[in-house]
Structures are given as C-alpha cells and as structure tokens.
Amino acid sequence: MFIWNRIYKELGISLEGLRKSLMEIAITMSENTRIAKLLYQIFELQKKVDRIYIKTGKIVHELHPLPVSEIADHEKVRDNISRLKSLKSDIHNIEKEINLLREERIKSKLEELTRYMRRGGYTIEEFIVAPNSSAISKTSLELILPEGGIVVAIIHNEKFNLPQDMIKLFEGDRVFVLGTMNTIMESATIFSSSTQLA
C-alpha cells in the first residue's frame with residue numbers, strides 16, 4: 001500500500017509539472033498569436049497608407065500647374081492627408097500595444113530568471129565606467145574580472161551589445177556583470193576611477 005501511495009504522489013507531482021508547462025506554452029502561444037494578429041493589422045493599415053500616398057501623388061500631379069497653397073487646400077488632398085494622419089495614428093497605437101505585450105513577456109521571464117539566480121546566490125549588477133577607470137579602451141573579453149564574474153551585456157552609445165561584440169569600453173558605458181555578491185563587490189574597483197583608488 002505504501003508503494004502505491006508513493007507512486008500516486010509522484011505521479012501527481014509529475015502531472016502538476018506537466019500541467020504548469022502546458023499552461024505556460026498555451027499562454028506563450030496566445031501572446032504570440034495576439035502579436036501576429038496585431039502585426040497583420042499593421043500590414044493591412046500600411047497597405048492603405050501606401051494606396052492613399054499613390055492617390056494623393058496622382059492628385060498633386062494633376063494639380064501641379066496650381067500654386068502650392070491651392071494644392072494643399074484642395075479638398076481631396078486635405079481629406080487624404082487627414083486619412084493618412086488617422087492611419088498613422090492607428091499604426092502607432094498598435095505598435096505601442098505590441099511593445100507592451102513584448103515587455104510583459106520579457107518582464108515575466110526576467111523575474112523568473114532573477115528568482116533562479118537569487119536561489120543560486122547570484123545577482124546581476126550594473127557598473128558605469130568611470131573616468132580614468134582601468135576598464136577604459138578594453139573589450140569585455142580583455143577585462144580581468146574576479147573568479148566567477150561574467151560580463152553579460154554592455155550599453156555603449158545607447159545601444160545594447162553582447163560581450164562578444166568586441167566593443168571597447170569608454171567613460172559612461174554601462175556594463176552588466178553576473179556573479180556572486182562577493183564577485184560583484186570585487187568587480188566594482190575595475191569600473192571605478194583609478195584616481196579614487198590611489
């Protein structure tokens with residue numbers, strides 16, 4: 001009887017894990033489907049925008065002998081410009097919705113990753129390369145971090161870069177380091193100003 005209870009319990013745990021995994025897949029697929037539908041809406045709206053641009057171009061071409069102010073005041077031109085603004089606004093709103101959906105997905109994944117990192121005693125810390133830092137003019141691969149420290153990302157010229165991109169570090173660059181708390185504390189000296197250390 002004990003063996004059956006144990007098997008039943010382990011089977012229940014396995015089924016619960018499977019149920020959770022299937023739910024995560026369903027949510028991800030649902031989000032991907034929503035994003036795909038929104039992207040298709042943008043595609044359709046952009047086709048309308050292109051058609052209106054062509055129509056407006058034809059109208060302007062037909063009216064070209066007139067002064068520019070009269071062309072701009074022409075009823076069809078004004079209507080088309082108004083429709084273009086409305087369509088562009090719709091596209092912008094859909095793009096914002098897509099970005100929010102993507103941000104929510106990324107945020108939940110990052111929160112999950114953070115939980116696992118904390119359980120393992122790890123954290124990610126951001127360092128800003130200070131003036132006269134020993135990190136200046138070095139790539140992330142040239143940095144000598146304390147044991148266990150890993151550069152996971154660099155923000156250089158307001159752009160995200162991976163460590164293998166061989167970006168040379170400059171003052172103000174943001175460097176994200178993964179490691180234990182001790183490793184992170186030791187890494188701080190690499191990015192701080194060398195004049196502060198003297």
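Glutamate 126 and arginine 174 form a salt bridge in which the closest N and O atoms are 2.5 Å apart. Because glutamate 126 lies in strand S1 and arginine 174 in strand S4 (residues 174-180), the pair ties together parts that are 48 residues apart in sequence. The model described here is a predicted one.

Glutamate 126 is partly exposed, with a relative accessible area of 32%. Arginine 174 is also partly exposed, and its relative accessible area is 32%.

## Other salt bridges

A search of the whole structure finds three salt bridges. Side chains of opposite charge can pair when their charged atoms come close. One of the three salt bridges joins glutamate 97 to arginine 34, with 3.6 Å between the closest N and O atoms. Glutamate 97 lies in helix H3 and arginine 34 in helix H1, so this pair ties together parts that are 63 residues apart in sequence. Glutamate 97 counts as partly exposed at 34% relative accessibility, and arginine 34 is partly exposed with a relative accessible area of 42%.

A further salt bridge is formed by the side chains of glutamate 44 and lysine 47, at 3.4 Å from N to O. Glutamate 44 has 25% relative accessibility and counts as partly exposed. Lysine 47 is partly exposed as well, with a relative accessible area of 33%.

## Positive patch

On the surface, a patch of positive charge gathers Lys48, Arg51, Lys55, Lys58 and Arg83. Helix H1, which covers residues 2-62, gives the most to this positive patch, with four residues.

Arginine 51, a member of the patch, is found in helix H1. The relative accessible area of arginine 51 is 45%, so this residue is partly exposed.

## Helix H3

Helix H3 runs over residues 75-119 and has 45 residues. From its first C-alpha to its last, helix H3 reaches 66 Å, close to the 66 Å expected at 1.5 Å a residue. Buried residues in H3 are Val77, Asn80, Leu84, Leu87, Ile91, Ile94, Ile98, Leu101 and Met117. After H3 comes glycine 121, whose phi is positive, near 85°.

A nonpolar patch on the surface is formed by Ile106, Leu110 and Leu113, which together have about 280 Å² of accessible area. Leucine 110 is found in helix H3. With a relative accessible area of 47%, leucine 110 is partly exposed, whereas Leu101 of H3 is buried.

## Loop between strands S1 and S2

Strand S1 (122-128) and strand S2 (150-156) have a loop between them, and lysine 138 is found in that loop. Lysine 138 has 32% relative accessibility and therefore counts as partly exposed.

Lysine 138 and leucine 169 are 31 residues apart in sequence. In space, the C-alpha atoms of lysine 138 and leucine 169 are 5.6 Å apart.

How values were computed. Residues numbered from 1 in each chain as written. Predicted model: local features only at pLDDT ≥ 70, side-chain atom pairs only at ≥ 80, totals over all residues. Heavy atoms only, no water. Patch = residues over 30% accessible without salt bridge, like charges linked within 9 Å, V, L, I, M, F, W, Y side chains within 5 Å. Areas by Shrake-Rupley, 256 points an atom, 1.4 Å probe, with all protein chains shown as cover. Salt bridge = Lys/Arg side-chain N within 4 Å of Asp/Glu carboxyl O. Lys, Arg positive; Asp, Glu negative; His and termini not counted. Charge placed at Lys NZ, Arg CZ, Asp CG, Glu CD. Helix = DSSP H or I, 4+ residues; strand = E, 2+ residues; numbered from the N terminus. Buried < 20%, exposed > 50% of the residue type's maximum accessible area, 1.4 Å probe, protein only. Expected span 1.5 Å × (residues − 1).
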